[in-house]
2 protein chains.
Amino acid sequence: MKYVHKSEEPAAGPLDRDAEGRLYDTRVRAAMTGFTRGGDTLALEAAAAARSAFHAVERLRTHGTQGRGLSSGALDVLIRLNAAGEAGAATPTDTADTTDTTGTTEMTSTSGAVGTSGLTVGELARAGGVSSRNVTGLVDTLEREGLARRLPDPRDRRAVLVAITPDGRAWLDAFRAPTERAMAAVFHGFSPDELAQLRHLCLRLVENQQRIEQYLDRPQQPDTKP
Amino acid sequence: MKYVHKSEEPAAGPLDRDAEGRLYDTRVRAAMTGFTRGGDTLALEAAAAARSAFHAVERLRTHGTQGRGLSSGALDVLIRLNAAGEAGAATPTDTADTTDTTGTTEMTSTSGAVGTSGLTVGELARAGGVSSRNVTGLVDTLEREGLARRLPDPRDRRAVLVAITPDGRAWLDAFRAPTERAMAAVFHGFSPDELAQLRHLCLRLVENQQRIEQYLDRPQQPDTKP
C-alpha cells in the first residue's frame, strides 16, 4: 500500500516548548516515547518535525496554487521550465551534462541551433525527483492550460522537448508576489541566518541519505577473487 | 491533479556549500533564481530544503519498513496504537479530551471499564494528519497482518476501536533496533543540540502555518452591526 500525502489534512499536533524554549510536538513525543519505551526520542522527534515542516510548506503551497488552478507538482515543473528557458536563451549548453555540479547550467537545455529552449520529460523527472510518468501528466496539465508546449527536439528526431510559453511566463510573473507573501508568512520571525541554518540542517539529512543510499546500492563484494 | 510523493525517486540535486560552509542545493538555487529573476531566494531555498529533508527521511523509513512488509503510513498507525495501548493500560482516561496539550495523555483512549485499549479510526486520522479513509486502509493492512485488531467500543455500541495485538507489539520490538540504526545514519554528525535546533526551526514553520490557517479559516466579519 502506498502512503499518499494528503496536504488537506492537519499537519502536526499541539506544540509546546521544552525547558530551553524550543518547540516540540506533544503528540509526536507521546507516540515516540511509547515506541522507544522511554528511551531517547530526540532523533525521532527531529525526523517527525522535518516531515511536519514539509507538510506545513506544502499546505501553503497548495493553498496558493490551487486558487490559481495548478497543483504544486505542476508549479514545480513550470518553475524548472522557466529556469531552463531563461538560462538556455542566455548561454546555450549541451543538455547531456546533467551531472554538472556548479548549479549554474544544471537546468539548461537548448537546441543550440535555433535558440529553442526546453527540457525533455526525463530531464524534468530527474530534476524534480519524480517519475517520468508523473511528469508526463503534469506536462499534459500545463499544455492544456497553455502554459507549456511540447515541441520536436532539433537534436533528436525521436525526442520531444517541453518549453514554457509566453503565457506560462506571464502566469509565473503573476504568481511571484503571492508566493513572496506566502514565504514571508511561513517564515515569519526567521532571520536570514536562521533561514540558512534551517536549510543547512535539512540538507545535512539529504547529504547523509545520499551517502547511505550510495552504500546500500553498491554491488555486493564478490566472495572470491579472480 | 494530485501531486503524489514518490519516495523511490531522487530527493534532491547535487549539494554544494556557500561561503559560510552551509549546504545548498545547486539545482534548487538555479530554479529559484530563475523564478525570482535574481531576487532573494533564501526563503524559497529553505522551504525546498525542508521538502528534501522530508523526502530523505521518508526514503529511509520506506527502505526500513518495506523490507519488513509495512508502508510507512501503516507503521505510523501501529506506533500510535502502541502508544495509546500502553498509556491506556497505565492510566485510563476519557478519550473525548483530544485537545489536551500536555502530550502525556494525548494518545490515550481506553474503555475504562474493562481495560481494553484502542483508538477510533477518527482519532487515528486526527493524530496522524491523514484522512479517515486513508487510515481505514492502513488498519485493514495491519489487521490482515495480525498486528492490530478491530473490536467493539464498550462506550458506544455503534463505534469500533482499533487496538494493537501482542504480535503488533512484537513486530515493533523487532523494528526498534533497525529504526535506531536508520536514525543514527540519517542524523550522522548531529549533536543533541543540533537535533533540537532542527526540530525547533521545523516546528516554527508549523507554528506559522497553523496561525496562518487559523486566520484564513476565520469567518468574514459582517459588514453591519446588530
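Predicted model: local features only at pLDDT ≥ 70, side-chain atom pairs only at ≥ 80, totals over all residues.

Biologist: How many residue pairs are in polar contact between chain A and chain B?

Modeller: Between chain A and chain B, 24 residue pairs are in polar contact, counting pairs with both residues at pLDDT 80 or more. On the side of chain A that touches chain B, the largest share, 23 residues, comes from helix α7 (residues 192-217) of chain A. That side of chain A divides into 49 nonpolar, 31 polar and 32 charged residues. Taking the interface as a whole, 112 residues of chain A are in contact with 111 residues of chain B. The area buried between the two chains is about 10,600 Å², and carbon and sulfur atoms give 64% of that.

Charged side chains take part as well: 14 salt bridges are found across the interface of chain A and chain B. One of them links A:R17 with B:E207, where the closest N and O atoms are 3.8 Å apart.

Now for the rings. Over all chains, the count comes to 7 aromatic pairs. Among them is the tilted pair of A:F35 and B:F175, at 6.3 Å centre to centre and with 50 degrees between the planes. Because A:F35 lies in helix α1 (residues 26-36) of chain A and B:F175 in helix α6 (residues 166-186) of chain B, this pair joins two chains. Both A:F35 and B:F175 are buried. Another tilted pair is A:F175 with B:F35, at 6.4 Å centre to centre and 50 degrees between the planes. This pair also crosses between chains, from helix α6 of chain A to helix α1 of chain B. A:F175 and B:F35 are buried. Finally, A:F35 and B:F175 form one aromatic cluster together with B:W171.

Notes. Residues numbered from 1 in each chain as written. Chains lettered and ligands numbered in written order. Heavy atoms only, no water. Contact = heavy atoms within 4.5 Å. Buried area = accessible area lost by both parts, 1.4 Å probe. Salt bridge = Lys/Arg side-chain N within 4 Å of Asp/Glu carboxyl O. Polar contact = N/O pair within 3.5 Å; in protein donor to acceptor, adjacent residues only side chain to side chain. Helix = DSSP H or I, 4+ residues; strand = E, 2+ residues; numbered from the N terminus. Nonpolar A, V, L, I, M, F, W, Y, C, P; charged D, E, K, R; others polar. Phe/Tyr/Trp six-rings, centres within 6.5 Å; stacked < 30°, edge-to-face > 60°. Buried < 20%, exposed > 50% of the residue type's maximum accessible area, 1.4 Å probe, protein only.
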